[in-house]
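This report looks at charged pairs and nonpolar cores. The sequence and structure come first, and the notes follow.

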Amino acid sequence: MIDLDEIAASLESLPTALRILLDPYDADVLSARPEPGEWCVLQVVAHVITCDGGAFRDRIEAIAGGAAEVPRFDADAALVARDPMNATIDELLDELAAVRAASVSFVRSLDPGDLAATATFGGHGTFAASDFLLEWPYHDQDHIRQILDAVQRHYLPHMTDTMRTALTS
């Protein structure tokens, strides 16, 4: 059984958890790409913001409303369109908190009939609205790991070769 209160609470906690986690770091750390082609922390947070509507809330709402096909969402295009590198982490987290408040209200408004509704998605098959609901906190948790990895790498250049090798081998 899907616990809507658990999912809503998980979604609601992310902005606060990230604020606590990222508060010690300056803009240089938060804007540094861990590797070429990888997202920095600012980009990850902006991605989470853009996905709240397009990848999750809008899809669940469409499926629950009877759409035959799951709407497409281009996360990369959405990220490029917003240019998070010109925002501070506080601005991004304030935006995430506002977006999440709406998302949490939406999640709490869902009923079993909404969650059981299905739609096809490209060549991937048929999905229930509940699939996207469950993917939402999973997606958050995946990006928490990504953020932790990015800030962890900030310390590596300051370690001795011996310690760096021990931690990364």
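## A salt-bridge network

Glu 35, Glu 38, Asp 149 and Arg 153 are joined in a network of salt bridges, where a salt bridge is a side-chain nitrogen of Lys or Arg within 4 Å of a carboxyl oxygen of Asp or Glu. This is a predicted model, in which local features need pLDDT of at least 70 and side-chain atom pairs count only at pLDDT 80 or more, while totals for chains, interfaces and linings use all residues. Residues are numbered from 1 along each chain as its sequence is written, and side-chain values use heavy atoms, with hydrogens and water left out.

Glu 35 sits in the loop between helix H2 (27-30) and helix H3 (41-64), and Arg 153 in the loop between helix H7 (129-152) and helix H8 (161-168), so the pair ties together parts 118 residues apart in sequence. Helices here are DSSP runs (H or I, at least four residues), numbered from the N terminus. Glu 35 is partly exposed, at 40% relative accessible area, and Arg 153 is partly exposed at 26%. Buried means under 20% relative accessible area, exposed over 50%, and partly exposed in between (1.4 Å probe, protein chains only).

## Other salt bridges

The count comes to 11 salt bridges. One of them joins Asp 94 and Arg 19, with the closest N and O atoms 2.8 Å apart. Asp 94 belongs to helix H5 (residues 89-109) and Arg 19 to helix H1 (residues 4-22), so this pair ties together parts that are 75 residues apart in sequence. Asp 94 is partly exposed, with a relative accessible area of 47%, and Arg 19 is partly exposed at 29%.

Arg 100 and Asp 52 also meet through their side chains in a salt bridge (2.8 Å, N to O). Arg 100 is in helix H5 and Asp 52 in helix H3, 48 residues apart. Both Arg 100 and Asp 52 are buried.

## Nonpolar cores

A nonpolar core is a set of buried Ala, Val, Leu, Ile, Met, Phe, Trp, Tyr and Cys residues joined through side-chain atoms within 4.5 Å. The largest has 24 residues, and Leu 18, Leu 22, Val 41, Val 45 and Ile 89 have the most contacts inside it. H1, H2, H3, H5 and H7 each supply at least two residues of this core, and H3 gives the most, with seven.

Leaving aside residues up to four places away in sequence, Ile 89 touches Leu 22, Leu 30, Val 41, Leu 42 and Val 45; contact means heavy atoms within 4.5 Å.
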